[in-house]
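Open your viewer and get the selection tool ready. We will go through a few stops together, each with something to select and something to look at.

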Amino acid sequence: MPALLYKADPARAERWRVLFAEHAPDIEWRVWPDIGDPSEIHYLGAWLAPDDLDIVLPNLKVLFALSAGVDQLDLSRIPQTLPVVRLLDPGISHGMCEYATFAVLSLHREMLHYRQQQVEGIWKARPLVPAHKRRVGVMGLGLQAQHILSSLKPFGFQLSGWARSEHRIDGVACYSGEGQLGDFLGQCDILLCVLPLTESTEGILNQKLFEQLPQGAALINMGRGGHLVEADLLAALDSNHLSAAVLDVVQQEPAPADHPFWKHPKIMLTPHVAAMTQPESAFPGLLDNIRRFERGEAMNGQVDRGQGY
């Protein structure tokens, strides 16, 4: 009997075990570090892969990353012949759309400013900008970004998106490539980042990019902490070029106690909670990919090593 080894959040291990016992009794469930006979493990479901993967698990057939992205994995240390597959969890997508909507509306209605007024005991209204005059731009136009844009459409925002390759999305002004990045940034009142973290996108949210945003623009980072040059954001906020930021990720997680983001009046910081994997919604897709592999069919979400996602 082939086995699947689970190496992720131990608090969710039992929920995964029950699902496999009920729906896939032909796959033995094991939890790291109790791997048993390593030669029997064909599948690994993990957040981080163990070192020397080919030695520790000599018969491993597929590495399932229990996350929507794989930037936490060092792909250079994973055998090139081993398929790496992202988790396609509709629960993650719903959570990301909820968080994006909350963040955009918070910035649109200037809730960080009102929160600071509350702390200072100030009762003062600010001019209301109609949604149809607020320009919201999304960096990254993959499937998740498109779901987010669909969630924002009913509010009437002017929507745009940028990606390295060309896209066409109904109701969204699409920009592509380095040549159009400046034009895209120049019309973003609220900029939302959901890019994958790769060598080309690391540090992309930096001083040069911020300078191309309109005066008073705001930032939302739902990608990875590695996208943001944190000192550059602080400088842009303190100079009032940027008005506010909603950040779900930081370079070092958890953020250290002395991190300046904690108490900055123009920053809303959340502990990487935009979306969290739920075994019940993630399991069908994972099992479907296992069955696809067993039948020799292409798996959904397989990572392109060249692109890094």
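**First stop: α3 and α5**

Select helix α3 (residues 90-108) and helix α5 (residues 143-152): their axes come within 9 Å and cross at roughly 50 degrees. That angle makes α3 oblique to α5; angles under 35 degrees count as roughly parallel, over 145 as roughly antiparallel, 65 to 115 as roughly perpendicular and the rest as oblique. The crossing of α3 past α5 is right-handed (the near helix is turned clockwise from the far one by less than a right angle).

Now show side chains. On α3, the contact is made by I92, S93, M96, C97, A100, T101 and V104, and on α5 by Q144, H147, I148, S151 and L152 (contact means heavy atoms within 4.5 Å). Colour these residues by type and you will find seven nonpolar, five polar and no charged. Here Ala, Val, Leu, Ile, Met, Phe, Trp, Tyr, Cys and Pro count as nonpolar, Asp, Glu, Lys and Arg as charged, and the others, Gly among them, as polar.

A word on what you are viewing: this is a predicted model, in which local features need pLDDT of at least 70 and side-chain atom pairs count only at pLDDT 80 or more, while totals for chains, interfaces and linings use all residues. Residues are numbered from 1 along each chain as its sequence is written, and side-chain values use heavy atoms, with hydrogens and water left out.

Helices (H or I, at least four residues) and strands (E, at least two) are DSSP runs, numbered from the N terminus. Axes are lines fitted to C-alpha atoms, for helices over the stretch in contact, and angles run from 0 to 180 degrees between N-to-C directions.

**Second stop: α1 and α9**

Next, select helix α1 (residues 13-23) and helix α9 (residues 279-294), which pack at about 50 degrees with axes 10 Å apart. α1 and α9 are therefore oblique to each other, and α1 passes α9 in a right-handed crossing. Look for R15, W16, L19, F20 and H23 in α1, which meet α9 residues including F283, L286 and R291.

Select the seven strands of the open, parallel sheet, in the order β8-β7-β6-β9-β10-β11-β12 (two strands pair if DSSP finds at least two bridges between them). β8 (173-176) and β12 (267-269) stand at the edges with a single partner strand each, so one side of each lacks a neighbour in the sheet. On average, neighbouring strands are turned by 15 degrees against each other, direction ignored.

Zoom in on β11 (residues 242-247), which pairs with β12 over three parallel bridges; A245 stands opposite I267 in β12.
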